[in-house]
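Please look over the model below. The report then takes it up topic by topic.

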Amino acid sequence: NLGTMYAKGQGVEQDDRKAVEWYRKAAVQGYARAECSLGTKYFKGQGVEQDYRKSVEWYRKAAEQGYAHAQYNLGLMCANGEGMKQDYVQAVDWFRNAVEQGHVGAQYDLGVMFDYGRGVKQDSVQAAKWYRKAAEQGAAPAQYALGLSYYYGQGVKQDDVQAMEWFRKAADQGHADAQYVLQNMDDESR
C-alpha cells in the first residue's frame, strides 16, 4: 500500500506525512492494517504530532476487528498507562486476544503479566509456559526470561543446563542481560 511505501521509502522518497495521509485514507474505510499503522504513527509522532490518545483510538479500531498486532499494541498501552488509565486486566485481555493468533510479543508479555501478577494471579508455571512459546519462536527477551525461570526453578524444574541454553540463545541475538549473565557464569566457573 502507498502508506507503507512512503513510510519505508520504497520506490518513493520516504515521507511520514504522506504515509499518514495514505494510511488515513485506508483507515477511514475500516482497513485494520492501516488503522494499526496510523496508531503507530501517532504513538511515535511520525508525520503527525505525538498523541497517545489518538494512537489508542486507532489501535482500538483495528484491535476490535481482530488485528493481532493492534491488539498487542493496545495491550502494551493499557499496561503502561499510555493514552489511557493503566489497566493490567484489560492489558491481559488484549494480550490473550493477540496470543490466540500466535503473536510472539503478546506471548512474551502475557508471560510477564503472569510472572509479576499484573492483571492475573501470579503464576510462575503460566509465566514459563508463555515465555517458552515466545522463546521457541526466537524472541530474545523470552529466551532470557525462560533462562531465568530455569536458573531459579520458577515455574519449571531448576536446571542450569537449560538455563545456559536459553541464555545463550538470547545472547547470540545480542540480548545484553543474557550476555552479562553468561559472562558472570563463565567467570564463576573459572
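## A loop position

Between which two helices does the loop with G117 lie? G117 sits in the loop between helix 7 and helix 8, the latter spanning 124-135. The model is predicted.

G117 has a relative accessible area of 31%, so the residue is partly exposed. M5 is 112 residues from G117 in sequence. In space, their C-alpha atoms are 41 Å apart.

## Salt bridges

The structure holds 4 salt bridges. One of them joins D16 and K41, with the closest N and O atoms 2.7 Å apart. D16 belongs to helix 2 (residues 16-27) and K41 to helix 3, so this pair ties together parts that are 25 residues apart in sequence. Both D16 and K41 are buried.

Another salt bridge links E21 with K25. Here the closest N and O atoms are 3.9 Å apart. Both residues lie in helix 2, 4 residues apart, or about one turn of the helix. E21 is partly exposed because its relative accessibility is 40%, which falls between the 20% and 50% limits. K25 also has a relative accessible area of 40% and is partly exposed.

The side chains of E136 and R132 meet in a salt bridge as well, at 3.8 Å from N to O. E136 has 54% relative accessibility, so E136 counts as exposed. R132 has 24%, so R132 counts as partly exposed.

## Charges over rings

K25 has a second contact to note. Its charged end sits over the ring of W22, 4.3 Å from the ring centre.

## Aromatic pairs

How many aromatic pairs does the structure hold? There are 6. In one of them, the ring centres of Y151 and F167 are 6.4 Å apart. Their planes meet at 50 degrees. That angle lies between the 30 and 60 degree limits, so the pair counts as tilted.

Y151 is in helix 9 (residues 140-152), and F167 is in helix 10 (residues 160-172). The pair therefore ties together parts that are 16 residues apart in sequence. F167 has 0% relative accessibility and counts as buried. Y151 and F167 also belong to one aromatic cluster with Y144 and Y152.

## The largest pocket

Rolling a probe the size of a water molecule over the atoms shows where empty space is left. The largest pocket has a volume of about 240 Å³. Its lining counts 15 residues. Closest to the centre are Y23, C36, S37, T40 and H69.

Helix 1 (2-8), helix 3 (32-44) and helix 5 (68-80) each give two or more residues to this lining. Which helix gives the largest share? Helix 3 does, with 7 residues. By class, the lining has 6 nonpolar, 5 polar and 4 charged residues.

## The second largest pocket

The second largest pocket holds about 200 Å³ of space. Its lining residues include Y108, V112, D115 and Y116. Y131, P141, Y144, A145 and L148 also line the pocket. So do S149, Q154 and H175.

Two elements give two or more residues to this lining: helix 7 (104-116) and helix 9. Helix 9 provides the largest share, 5 residues. By class, the lining of the second largest pocket has 8 nonpolar, 3 polar and 1 charged residues.

Methods. Residues numbered from 1 in each chain as written. Predicted model: local features only at pLDDT ≥ 70, side-chain atom pairs only at ≥ 80, totals over all residues. Heavy atoms only, no water. Phe/Tyr/Trp six-rings, centres within 6.5 Å; stacked < 30°, edge-to-face > 60°. Buried < 20%, exposed > 50% of the residue type's maximum accessible area, 1.4 Å probe, protein only. Lys NZ or Arg CZ within 6 Å of the ring centre and 35° of its normal. 1 Å grid on protein atoms, 1.4 Å probe; cavity = no way out; pocket = protein on both sides within 12 Å on 5 of 7 lines; lining within 4 Å. Points joined across faces, edges and corners; volume = space filled by probe spheres on them. Nonpolar A, V, L, I, M, F, W, Y, C, P; charged D, E, K, R; others polar.
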